[in-house]
Amino acid sequence: MLRDAVLVAGKDLRIEVRSRVGLNQIGPFAIAVLLLFGLALGPDRQVLAPASAGLFWVAVLLSTILAVQRSYAIESADAARDGLRLSGLDPAGIFLGKASAVAAQLLVLEAALTIGVALLYGARLSGALVLVGACVAGTLGLAAIGTLYGVVASGLRVRETLLPLLFLPVVAPVLLAATKAWDEALAGTPSRAGGWLDVLVVFAVLYVAIGIVAFGPLLEDG
Amino acid sequence: MSTPPPAVQSGRVAVALRVLGVTALVGVATTVWLGLFVTPPDEFMGNLVRLLYVHPPMAWVAFLAYGVASLASLLYLWPRTRTERFDRLAGASAEVGVVFTGLTLVSGSIWGRPTWGAWWVWDPLLTTTALLFVFYLGYLALRRVPGELHVRARRSAIAALIAFIDVPIVYLSVEWWRSLHQAPTVLNPTTHKTYVHGSMAWTLLLGFVSFTLVYIWLTAHRYRLAELQDLEDTEGLDVALAERRAEAVAG
């Protein structure tokens, strides 16, 4: 299963390196979202800095939708999805591979967004361990559930509109917990973020487990 | 039609449903009458208490409906109990649940504005309910996507279970988030324990019973409609129409 996961993740990441859709489209999209939040809330840093954790994670959530859609768009061309089904790879491995490729891209994006909130909103970065921990755990949860819903929506004509509707309400706890963890870290009290990190870890473990079980049947159905 | 398809509804079931429907409507009408005209205004809340005869029953039905939908989805996914009936039940129940969640949110807001001074507060129960409402709208949208029956059933069931697992996480994290922000301002204890005796208690109880009957009635009809829709998809319009006619004659 893990070997298959590495294969699939490698394939997805190689496609990204060669096509640069994430770099050229999803990254700029996330930065545009950050800029628009700034315009919506006004130029006052005393308003923007305290809100930066929440705005960061909303930008991540929106970008996750695009990353997941991209992850399945590359399977829809040239019947690649059928090829994937015929390849004999373990479906759980395919799930883990696709989810980790999405997670890897999101983590790179988050690094850029972190610099973005520091520069644009004047957020003072501190508690690096908590910041990174929340990113890793939160992103794993987002990627897992995104990949799961991605395969549900991928074969459908209404996939572009259906995926966000299914995805966003369910990831509300990730937004909440990751924002609170970041809030604590940015406020200089990273030791109080522990419980929120636990929520993120529990969420990630639960939905990775569900994905491993449910992905196979969903892939067959599409 | 030589052999009637399994979906044919016997006359007895149709009569039972009709009796159920009439009982439910009479119950709701009586609740409204008792709630508006017979029961006294509350000592603390005044006439606002009258909304509480319908709001908690609506919320109860919403959660009951989602509970039934989740259970039916689980039973569908379990290979030993997999039948299309559970899929239809999940869809029918979720649809009724969405309607009642909408009613719960609206009636709660109307009650909250004069009581708490705000149409909305970020209480865990409210937030979870609102997220469930949005999620189940997505679930129904997913169900409406055409496709083979078993494919649609499986992906819907998995989506319903994902939401079900999400509910406690949402609830607990919002509760925790709130407790760190400000003391809960919802339901202060003096107003909370006022509606527990006499005609008020009976009216509330009647509200719960009649709304539950309305839920069963609506879900049964929605289930029946889904059955006919599936029949139409698989065996064609003629069979479904013939069935509907036979039912009309029998009923």
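This report walks through a predicted model of two chains, from confidence to packing to a few individual residues.

Some conventions come first. Residues are numbered from 1 along each chain as its sequence is written, while chains are lettered from A and ligands numbered from 1 in the order in which they are written. Because this is a predicted model, local features need pLDDT of at least 70 and side-chain atom pairs count only at pLDDT 80 or more, whereas totals for chains, interfaces and linings use all residues.

**Confidence**

The model scores ipTM 0.87 and pTM 0.86. pLDDT is the predictor's confidence in each residue, from 0 to 100. Chain A averages 92, with 100% of its residues scoring at least 70; chain B averages 85, with 88% at that level. In chain B, the pLDDT is below 50 over residues 1–7, a stretch with eight contacts in the model beyond near neighbours in sequence. The pLDDT is also below 50 over residues 181–195 of chain B, where the model has 18 such contacts. Where pLDDT is low, the predicted coordinates should not be read in detail.

The table lists the elements at the two ends of the confidence range in each chain; helices here are DSSP runs (H or I, at least four residues), strands are runs of E (at least two), and both are numbered from the N terminus.

| Chain | Lowest mean pLDDT | Highest mean pLDDT |
|---|---|---|
| Chain A | helix 4 (residues 80–86), 83 | helix 5 (residues 91–120), 95 |
| Chain B | helix 6 (residues 189–192), 48 | helix 2 (residues 55–77), 94 |

**Chain B in outline**

Chain B has eight helices and zero strands. Two residues are in contact if their C-beta atoms, placed from the backbone, lie within 7 Å. Among the contacts in chain B with a separation of 6 or more, 80% join residues 24 or more positions apart. Of the 251 residues in chain B, 33% are buried. That label means 20 or more other C-beta atoms within 10 Å of a residue's own; 12 or fewer makes a residue exposed, and anything in between partly exposed, with C-beta atoms placed from the backbone.

**The core and the contact between chains**

A nonpolar core is a set of buried Ala, Val, Leu, Ile, Met, Phe, Trp, Tyr and Cys residues joined through C-beta atoms within 7 Å. The largest one here has 124 residues, and the members touching the most others are A134(A), A181(A), L200(A) and A65(B). Helix 6 (residues 128–154) of chain A gives the most to this core, with 15 residues. Leaving out residues up to four places away in sequence, A134(A) touches A178(A), A181(A), W182(A), L197(A) and L200(A).

The contact between the chains takes 21 residues from chain A and 21 residues from chain B. On the chain A side, helix 7 (159–170), helix 8 (172–186) and helix 9 (194–221) each give two or more residues, and helix 9 gives the most, with eight. By class, this side has 19 nonpolar, no polar and two charged residues. Here Ala, Val, Leu, Ile, Met, Phe, Trp, Tyr, Cys and Pro count as nonpolar, Asp, Glu, Lys and Arg as charged, and the others, Gly among them, as polar.

**Helices 8 and 9 of chain A**

The axes of helix 8 and helix 9 of chain A come within 8 Å and cross at roughly 145°. Those axes are lines fitted to C-alpha atoms, for helices over the stretch in contact, with angles from 0 to 180 degrees between N-to-C directions. P173(A), V174(A), A177(A), A178(A), K180(A) and A181(A) in helix 8 meet W196(A), L197(A), V199(A), L200(A) and F203(A) in helix 9. The residues of this contact divide into 10 nonpolar, no polar and one charged.

P173(A) lies in helix 8 of chain A and is buried, with 25 other C-beta atoms within 10 Å. Beyond neighbours within four places in sequence, P173(A) is in contact with V199(A), F203(A), I169(B), V170(B) and S173(B). Its C-alpha atom is separated by 9.7 Å from that of G138(A), 35 residues apart along the chain.

I212(A), in helix 9 of chain A, counts as buried because it has 20 C-beta neighbours inside 10 Å. I212(A) touches A92(A) and F95(A), not counting residues up to four places away in sequence.

R20(A) lies in the loop between helix 1 (2–19) and helix 2 (21–41) of chain A. Its phi is near 55°, a positive value in a residue other than glycine. R20(A) is exposed, with 11 other C-beta atoms within 10 Å.
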